[in-house]
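The report below looks at a charged pair and then at the pockets of the structure shown here.

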Amino acid sequence: MASFKAFLNSPVGPKTTHFWGPVANWGFVLAGLVDMKKPPEMISGNMTGAMCMYSALFMRFAWMVQPRNYLLLACHASNESVQLYQLSRWAKGTWEKRRKKRFHLREWLLCISVYFFGMMKTNPSTLSLKSNNRTAPVGAPNSY
Amino acid sequence: MNAKKLVESIWNHPAGPRTIHFWAPTFKWAISATNIFNFSMPPDSISYPQQTAFVVAGFIGARYCTVITPKNWNLFSNNFALGCTGIYQLARKATHDHS
């Protein structure tokens, strides 16, 4: 009882917007769950893909915002799984049509941008075009 | 010099382009934009639950953006616009259904 009271009066509890904002976002999840019954032909690949990106970005946002918002994180994590499932259903439904294409430009662009993003985060110096961008003297011992 | 300072202040802002506080709302504009493109679609294709979710989540989310740190006016305008487009779509569908 005491912990429930503490929750009610907490600065991120049901008396604040920090609680009701994420609660309102669960509407997206419910709409997605209702749409699971739709046949794959009626799924819009663009909207579902956009929803996947949207929830991925907002999971990170919920983690980094002050105060950290676990409810929003949970909401977008579940939306992400629902939308990924819908995306897989859509992809399966359109696989026959897409298989005839030889060069899937969108998939290639996605892979290349993920690769460059990963390189930029882990080892920014590799993306520099300079040929003299050595960060340590020749023969320096590796730290790993 | 002023231009350089302005660019630097934007680049290093706590809700600037190096942070998730910038890119998350920037991407969310796609949802409002899709709703606006759908203004010309027939009212039968509008779904009551989805548009109601947009209105509720939009306005409550707009309020939420003013109480978080850092205050995110980009996301505020985003959510507010989403709520308004939801109201417009609901009105379209309601007038279509009752006529």
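In chain B, E8(B) and K4(B) stand four residues apart in helix 1 (residues 2–11), which means that about one helical turn separates them; helices here are DSSP runs (H or I) of at least four residues, numbered from the N terminus. The two residues form a salt bridge whose closest N and O atoms are 3.5 Å apart, the term standing for a side-chain nitrogen of Lys or Arg within 4 Å of a carboxyl oxygen of Asp or Glu. Over all chains, the structure holds one salt bridge.

This is a predicted model, in which local features need pLDDT of at least 70 and side-chain atom pairs count only at pLDDT 80 or more, while totals for chains, interfaces and linings use all residues. Residues are numbered from 1 along each chain as its sequence is written, chains are lettered from A in the order in which they are written, and side-chain values use heavy atoms, without hydrogens and water.

| Pocket | Volume | Lining residues |
|---|---|---|
| Largest | about 740 Å³ | 30 residues |

A pocket is an open set of points on a 1 Å grid over the protein atoms alone, where a 1.4 Å probe fits, with protein on both sides within 12 Å along at least five of seven lines, and lining residues have an atom within 4 Å of a point. Helix 2 of chain A gives the most to the lining of the largest pocket, with six residues.

Methods: Helices (H or I, at least four residues) and strands (E, at least two) are DSSP runs, numbered from the N terminus. Grid points are joined across faces, edges and corners, and a volume is the space filled by probe spheres set on the points.
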